[in-house]
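Thanks for coming, everyone. Let me put the structure up, and we will walk through a few residues together.

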Amino acid sequence: MQNVNRKSFIQIETRTGAPIALNGREIRVQSRAISLNLPFGGAVWNRPTSVIVRTRDGNTQTLAVRDVTRLAQLLIAMLCIAGAIFVALNRRTRE
C-alpha cells in the first residue's frame, strides 16, 4: 500500500519575513497565505496582516495593516451583484 501525502483542500499559513534593521529598530513584515488546492490546479492568495517593530530596549509593537485592495475588490463585487439584480428586475417590469 502506498503512503500518499495529501494536502488539505484549504491551507492558511501565517509567515513572518526576515528582519530589517532601521534606525535602531528591527522591523518584520507578517503576511497570511491562503491556498486553495483542487485536483486540477489551485490558487494562492497572499495578503499583508501586520508589521512588527522591536526597539533596542526590547519593546515590541504590532501594527495592523489594512488591506485596501481587498476592500476595493469586495466593493466592486457587491456593485456588480447589485447591478445584475437591478437589470433583472428592470427586465421583469418591462415584460
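Look at the loop between β2 (20-22) and β3 (25-38): Asn23 sits there. Keep in mind that this is a predicted model. Is Asn23 buried or exposed? Asn23 is exposed, because its relative accessible area is 69% and the cut-off for exposed is over 50%. Now the backbone. Phi of Asn23 is near 50 degrees, a positive value, and the residue is not glycine. Most residues other than glycine have a negative phi.

Next, strand β1. Arg15 lies in it. At 44% relative accessibility, Arg15 counts as partly exposed. Its side chain makes a polar contact of 3.2 Å with the side chain of Glu13. Which residues does Arg15 touch, beyond those up to four places away in sequence? Val29, Gln30 and Ser31. Arg15 also pairs up with Ser50 as a distance to note: 35 residues apart in sequence, 10 Å apart in space, C-alpha to C-alpha.

On to strand β4, residues 41-55. Thr49 has its place there. Thr49 counts as buried, because its relative accessibility is 16% and buried means under 20%. Setting aside neighbours within four places in sequence, Thr49 contacts Gln30, Ser31 and Arg32, and also Leu63, Ala64 and Val65. Gln30 and Ser31 were on the Arg15 list too.

Last stop, the surface. Phe9, Ile10, Ile12 and Leu36 make a nonpolar patch of about 380 Å². Phe9 lies in the segment before β1 (10-16). With 48% relative accessibility, Phe9 counts as partly exposed.

Technical notes:
Residues numbered from 1 in each chain as written. Predicted model: local features only at pLDDT ≥ 70, side-chain atom pairs only at ≥ 80, totals over all residues. Heavy atoms only, no water. Helix = DSSP H or I, 4+ residues; strand = E, 2+ residues; numbered from the N terminus. Buried < 20%, exposed > 50% of the residue type's maximum accessible area, 1.4 Å probe, protein only. Contact = heavy atoms within 4.5 Å. Patch = residues over 30% accessible without salt bridge, like charges linked within 9 Å, V, L, I, M, F, W, Y side chains within 5 Å. Areas by Shrake-Rupley, 256 points an atom, 1.4 Å probe, with all protein chains shown as cover. Salt bridge = Lys/Arg side-chain N within 4 Å of Asp/Glu carboxyl O. Polar contact = N/O pair within 3.5 Å; in protein donor to acceptor, adjacent residues only side chain to side chain.
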